[in-house]
Amino acid sequence: MGFISELKRRNVFRVGIAYVITAWLILQVADVVLGNIAAPEWVFKTILLVTALGAPVVLLFAWAFEMTPEGLKREKDVDRTASVTHITGRKLDRTIIIFLVLAVAYFAVDKFYLDERSSGQATVTGRNAADGGGTAGVGQSGITSIAVLPFVNMSSDKEQDYFSDGISEELLNLLAKIPAFRVAGRTSSFAFKGKNEDLRTIGESLGVSTILEGSVRKGADRVRITAQLVKVDDGFHLWSETYDRELTDVLAVQDEIAGAVVNELKVTLLGEQQAPTHAVDSLTGNVEAYNAYLQGLYFLNQFGPANYKIAAGYFEQAVKRAPDSALAWAMLSQASTRYSSQAETGQIEALARARVAADKALALDEAVAEAHLAKAIIFLNYDWDWPAAKAALGRALALRPGDVKAQVYLAKLEGWAGSSESALALWRAALVKDPLDPQLQYGVMGELYNLGRFKEAEDMALGIAAREPSKPFINTYLGWLLLKQGRSEEALKYFYAETVVFARLTGLAVTNHILGNQDAAVAAQQSLLDKYGDTAAIQQAGIFAEWGEPEQAMRWLQRAYDARDPGMPGMKADPSLAILHDLPEYQDLLKKMNLAD
């Protein structure tokens, strides 16, 4: 008897078919159940691994053993004339038919019924039987704030994090367009990524009453997004839904989710106001362009010039694939501006690219908030055109009232104008929306420093350092705050610990000079000059001013002006430059900067 015939006689093929169908059903049910309870990704991976490893074991078992009327026996111990494999085969055929019917039924429900539900208005799930089955959330008052937690990446590839993160950020931006909502900022919401914190604890930390969370499973050409809205005070769901769509429909799904959230909360908040939707953009339906755009967002949020350069590269890919996308051009501008302000080389080219990209974005669509923000950043950091910057920020906030970034730049405007008290109030208002964002904490500390409230700022800085001791610039903040309190030896230790090179060298040059370590001070100043040249001119001005050499400081301040140093807008509020305030040249420079009283 041939090998194939023997496989058939021993029912190995039938067992294999039955196992594959059963395993498929198990995986489908597990996918739905685990996705809706936001189970950790490893649970589904474990089930997948077990079913895969089980296949050869089951087939080997079917080959080596036979079920007889007397029970399970090794196949070689069974008399061929007494074999009942033909009867077992018929039973397996019936089992296969039953499981096939179940599989087809599941596929039909999943494909047609669930898709039909998700294509229309999202449904609301009742909270529990004790609530009488009523719709949760409708008619409730006081729901004015929401946080969008990073959706869990349920794909088998960890590298797909950029996709789930990007969808979460886009949802956050959509909801931030609603004036009646206070939406927690991205940095604070994403601080809980990968952490199994209780939602009520998260809500208290972010100061919100509702939380939107979910999961994303991305395949080759389809995506499954599960979203749920949770009320913080009791942890019950207000609404949940699962969307199975083509990748080309991702933006539409985001709009549907935002619409469902607004639908759930708008009775007391918004009246008849409609949910915001994405502007018509050529990213819509272009999978490759949108994929590159989300990867760009991912690296833009990692911080540091190396990541900004990678982000700009992805946004360039996006605009090549979707040249009419105002959103992609706007983000290319923002990534290029950030790189220009921190990189050691290529700053001029990056700034030129940022200008072109911002203008292109506005020419394509003036209704994109990111385009106005991109233009405002250039006005602020490089053109020093304060009225134009304020107008651009106003337009961005009109399009997206909850935009924390735009509010941050308004706070900077006030501080640069010398109105540190007003700036401090704006920084603190932004911090309410994004309480875990170190940039906003730095902003508050910076204005406290400018106001001479050093101990108050030090306490904040120590809190950040305790949580993230290697955070860029945190040791610099502590160094300067201690320096201004006469604690130079302590300050020196913090400056040595700073990871950002130009900030470390600047602090070492000033502190060593105060401590009488003149050789070390000059060495640090020379290292800064050798490494950065005129791109660190504003730092050189601060060093010489702290050294008590106003002429040298003024010369470097003029060089900073000529080089369009992005640190120049802060010259009026910087206490390090106080020695220059009475110099005519300094007052003339303030006028050129449009910062004179």
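## A quick tour of helices and rings

Ile4 sits in helix H1, which covers residues 3-9. Keep in mind as you look around that this is a predicted model.

**The patch around Ile4**
- Ile4 has 47% relative accessibility, so Ile4 counts as partly exposed; that label covers values between the 20% limit for buried and the 50% limit for exposed.
- Together with Phe3 and Phe13, Ile4 makes a nonpolar surface patch of about 320 Å².

**Helix H9**
- Helix H9 runs through residues 287-300, which is 14 residues.
- Which residues of H9 are buried? They are Ala289, Tyr290, Ala292, Tyr293, Leu294, Gln295, Gly296, Leu297 and Leu300.
- Here's a handy rule to keep in mind: an α-helix has 3.6 residues a turn, so residues three or four places apart point the same way.
- Two of those buried H9 residues, Tyr290 and Tyr293, also turn up in a cluster with Phe315, linked by ring pairs.

**Aromatic pairs**
- How many aromatic pairs does a search of the whole structure find? The search turns up 12.
- Trp384 lies in the loop between helix H13 (369-383) and helix H14 (386-399), while Tyr561 lies in helix H24 (residues 550-562), so the pair ties together parts that are 177 residues apart in sequence.
- Trp384 and Tyr561 are both buried.
- Phe544 and Trp547 have ring centres 5.3 Å apart and planes at 75°, so this pair is edge-to-face; the cut-off for that label is over 60 degrees.
- Phe544 is buried, and Trp547 is buried too.

**Charges over rings**
- Arg559 lies over the face of Trp556, 3.8 Å from the ring centre.

**A glycine in helix H23**
- Gly542 has its place in helix H23, residues 537-546.
- Is Gly542 buried or exposed? Gly542 is buried, because its relative accessible area is 10% and the limit for buried is under 20%.
- Gly542 and Ser576 are 34 residues apart in sequence, yet their C-alpha atoms are 5.7 Å apart in space.

Note on methods:
Residues are numbered from 1 along each chain as its sequence is written. This is a predicted model: local features need pLDDT of at least 70, side-chain atom pairs count only at pLDDT 80 or more; totals for chains, interfaces and linings use all residues. Side-chain values use heavy atoms; hydrogens and water are left out. Helices (H or I, at least four residues) and strands (E, at least two) are DSSP runs, numbered from the N terminus. The expected span of a helix is 1.5 Å times one less than its number of residues. Buried means under 20% relative accessible area, exposed over 50%, partly exposed in between (1.4 Å probe, protein chains only). Patches are made of residues with over 30% relative accessible area and no salt bridge: like charges are joined within 9 Å, nonpolar side chains (Val, Leu, Ile, Met, Phe, Trp, Tyr) within 5 Å. Accessible areas come from the Shrake-Rupley method with a 1.4 Å probe; for residues, only the protein chains shown count as cover. A salt bridge is a side-chain nitrogen of Lys or Arg within 4 Å of a carboxyl oxygen of Asp or Glu. Rings of Phe, Tyr and Trp (its six-membered ring) pair if their centres lie within 6.5 Å; planes under 30 degrees apart count as stacked, over 60 as edge-to-face and the rest as tilted. A charge sits over a ring if NZ of Lys or CZ of Arg is within 6 Å of the ring centre and within 35 degrees of the ring normal.
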